[in-house]
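Please read the following report alongside the sequence and the structure. It moves from single residues to the chain as a whole.

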Amino acid sequence: MLQVMLNVLHFGMELQEAIEAPRVSSYAFPSSFAPFDYFP
C-alpha cells in the first residue's frame with residue numbers, strides 16, 4: 001500500500017497506473033510466525 005501511495009503522491013501517477021506498477025518485496029526479515037524462518 002505504501003508503494004501505491006508513493007506512486008500517486010510523489011511520482012504523480014494516476015491511481016490505476018500506480019496499482020498496476022511493479023512492486024518491490026523482500027523476504028530478508030524473519031517470519032512473524034513460529035519457528036521464525038529466516039530467508040537471507
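Is Met5 buried, partly exposed or exposed, and what is its relative accessible area? Met5 is partly exposed, with a relative accessible area of 42%, where buried means under 20% relative accessible area, exposed over 50%, and partly exposed in between, found with a 1.4 Å probe and protein chains only.

This is a predicted model, in which local features need pLDDT of at least 70 and side-chain atom pairs count only at pLDDT 80 or more, while totals for chains, interfaces and linings use all residues. Residues are numbered from 1 along each chain as its sequence is written, and side-chain values use heavy atoms, with hydrogens and water left out.

The protein chain has 40 residues, of which 10% count as buried, and its secondary structure comes to 2 helices and 0 strands; helices (H or I, at least four residues) and strands (E, at least two) are DSSP runs, numbered from the N terminus. The accessible surface of the chain is about 3900 Å², with 67% of that belonging to carbon and sulfur atoms, as given by the Shrake-Rupley method with a 1.4 Å probe, where for residues only the protein chains shown count as cover.

Helix α1 spans residues 2–9 and includes Asn7, and Met5 lies in helix α1 too. Asn7 counts as buried because its relative accessibility is 12%. Apart from neighbours within four places in sequence, Asn7 is in contact with Gly12, Met13, Ala18 and Ala21, contact being heavy atoms within 4.5 Å.

Val24, by comparison, is placed in the segment after α2 (15–20), and Val24 is exposed, with a relative accessible area of 68%.

Two pairs of residues that are separated along the chain are set out below.

| Pair | Separation in sequence | C-alpha to C-alpha distance |
|---|---|---|
| Val24 and Gln3 | 21 residues | 8.3 Å |
| Met5 and Ala18 | 13 residues | 7.9 Å |
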